[in-house]
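Colleague: I would like to learn how to read pockets, cavities and helix packing in a model. Could we go through them one at a time?

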Amino acid sequence: MIPRNDHLKAVQRLLRDNPVVALIGARQVGKTTLAKEVAQRRSRTHFFDLESSADRARLTDSLLALSPLTGLVVLDEVQRRPELFPTLRVLADRRPIRARFLVLGSASPNLLRQSSESLAGRIAYYQLPCLSLAETGSGKAAELWLRGGFPRSFTARSHVQSYRWRQDFVATFLERDMPGLGISVPSQTMERFWTMIAHYHAQLWNGSELGRAFGMSQHAMRRYLDALEATFMVRVLKPWSANLAKRQVKTPKVYIRDSGVLHRLLDIRDRTALERHPKVGASWEGFVMENIIRTLGVEERQCYFWAAHAGAEVDLVVPDRSGRLRGFEIKRTSSPGVTRSMRTAMADLDLRSLDLIHAGDETFPLAKGIRAVAVAKLLDDL
């Protein structure tokens with residue numbers, strides 16, 4: 001098992017300060033494993049798995065069942081019993097606090113809405129992502145890129161077993177998990193849409209074009225996209241709008257969050273197939289971007305891209321604490337160099353810095369405010 005100590009400490013901090021903590025994230029990302037690690041460090045814990053009929057029966061009268069409990073109470077797959085949230089509000093308001101609650105679930109729209117309405121001011125959210133380079137080590141970058149960051153996919157004994165796990169994951173997610181989250185889209189329709197999004201990976205969202213391909217409205221396409229975003233399968237990266245005279249792109253970009261899932265949707269089974277695939281550069285861009293965001297520790301709402309219709313663009317821009325922007329360009333090359341687009345972005349956005357993340361081995365300056373950063377040294381040099 002790969003230690004996830006940073007996430008463990010973060011959840012423990014939140015539990016100290018909040019009566020209820022929601023640990024959210026994609027299915028199979030490791031929420032239950034992390035919750036058990038948190039529980040092991042507590043003197044008294046109670047664990048309810050709401051996929052278990054026995055545990056659901058124990059909570060038939062939830063107030064009666066939960067009121068006497070002290071210590072840490074873990075409720076796994078809480079989206080299956082959203083009616084628990086009003087009970088948690090009552091228990092969270094007791095003084096002194098007798099128990100703290102760690103609720104686990106995928107962030108379906110219904111779950112987030114009901115929890116925020118019932119537990120406003122009482123709940124903190126923590127999103128558990130897939131494995132990152134900080135957890136696997138930079139020496140495993142190639143394997144992490146190919147297999148993705150779902151723990152069971154990354155730690156599989158072979159590429160074949162990893163790919164089979166991802167096949168099963170996609171099928172189960174479409175056929176069981178999405179309906180269980182209240183997302184009523186036929187599995188075959190969603191699989192086709194998800195696959196098409198994989199072919200648009202790292203490109204601008206074009207709902208009209210997708211709608212024509214499906215024979216549906218662009219509003220339906222956006223609803224499908226929102227469902228995949230809400231379940232952590234897709235990242236919708238918003239455009240940054242600067243106060244400039246030139247025309248700027250105002251359409252978001254779409255990415256499949258996990259590179260392993262992307263490769264399953266594109267039927268890429270091994271490193272040779274990946275190297276030969278026309279989406280290899282886009283796949284690399286998405287993989288590196290996710291790891292930049294994790295390394296910086298920034299919130300999702302702070303992540304943007306910038307592009308002008310004249311051609312200048314930056315793959316990722318993130319405001320720093322002072323409000324100035326840091327820019328990141330991602331190129332799968334071992335010979336990075338400064339481009340006209342980079343110089344334009346530096347001037348137009350008044351960037352604090354611009355890092356060109358590349359596939360080589362060294363980090364070095366390219367120009368004033370611009371440097372080349374090797375993926376192998378990403379953790380140290382950002």
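Colleague: Which helix gives the largest share of the lining of the second largest pocket?

Modeller: The general idea comes first: rolling a probe the size of a water molecule over the atoms shows where empty space is left. This is a predicted model, and in it H2 supplies the largest share of the lining of the second largest pocket, namely 5 residues.

Colleague: What is the volume of the second largest pocket?

Modeller: The second largest pocket has about 450 Å³. It is lined by 22 residues, and those closest to its centre are Gln-28, Gly-30, Lys-31, Thr-32 and Thr-33. Two or more lining residues come from each of helix H2 (31–40), strand E2 (45–49) and helix H9 (151–154). Sorted by class, the lining of the second largest pocket holds 8 nonpolar, 5 polar and 9 charged residues.

Colleague: How many residues line the largest pocket, and which lie nearest its centre?

Modeller: The lining of the largest pocket has 46 residues, with Gln-127, Pro-129, Arg-294, Val-298 and Glu-300 nearest the centre. The elements giving two or more residues to that lining are helix H1 (5–17), strand E5 (123–127), helix H7 (133–136), strand E7 (234–239) and helix H16 (280–296). The space in the largest pocket is about 1,200 Å³. Its lining divides into 24 nonpolar, 8 polar and 14 charged residues.

Colleague: Now the cavities. How many cavities of 30 Å³ or more does the structure hold?

Modeller: A cavity differs from a pocket in that the probe fits but cannot get out. There are 4 cavities of 30 Å³ or more. The largest cavity has a volume of about 100 Å³. Of its 13 lining residues, Leu-131, Asp-258, Phe-287, Glu-290 and Asn-291 are the closest to the centre. H16 gives the largest share of this lining, 4 residues. By class, the largest cavity is lined by 4 nonpolar, 5 polar and 4 charged residues.

Colleague: Which residues line the second largest cavity?

Modeller: The second largest cavity is lined by Arg-27, Glu-51, Glu-77, Gln-79, Arg-80, Ser-106, Arg-176, Asp-177, Gly-180 and Leu-181. They divide into 1 nonpolar, 3 polar and 6 charged. The space inside the second largest cavity is about 70 Å³.

Colleague: How should I read helix packing?

Modeller: Two packed helices are described by the angle between their axes and the distance between the axes. Take helix H10 (residues 159–180) and helix H11 (residues 187–199), whose axes come within 10 Å and cross at roughly 135°. H10 and H11 are therefore oblique to each other. Their crossing is right-handed. On the H10 side the contact is made by Val-170, Phe-173, Leu-174, Glu-175 and Met-178, and on the H11 side by Ser-187, Met-190, Glu-191 and Trp-194. These contact residues comprise 6 nonpolar, 1 polar and 2 charged.

Colleague: At roughly what angle do the axes of H11 and helix H13 cross?

Modeller: The axes of H11 and helix H13 (residues 218–230) cross at roughly 85° and come within 11 Å. H11 is therefore roughly perpendicular to H13.

Colleague: Which residues of H11 and H13 meet?

Modeller: From H11, Thr-189, Met-190, Phe-193, Trp-194 and Ile-197 meet Met-221, Tyr-224, Leu-225, Ala-227 and Leu-228 of H13. By class, the contact of H11 with H13 has 9 nonpolar residues, 1 polar and no charged.

Conventions
Residues numbered from 1 in each chain as written. Predicted model: local features only at pLDDT ≥ 70, side-chain atom pairs only at ≥ 80, totals over all residues. Heavy atoms only, no water. Axes fitted to C-alpha atoms, helices over the stretch in contact; angles between N-to-C directions. Parallel < 35°, antiparallel > 145°, perpendicular 65-115°, else oblique. Left-handed = near helix turned anticlockwise from the far one by under 90°. Contact = heavy atoms within 4.5 Å. Nonpolar A, V, L, I, M, F, W, Y, C, P; charged D, E, K, R; others polar. 1 Å grid on protein atoms, 1.4 Å probe; cavity = no way out; pocket = protein on both sides within 12 Å on 5 of 7 lines; lining within 4 Å. Points joined across faces, edges and corners; volume = space filled by probe spheres on them.
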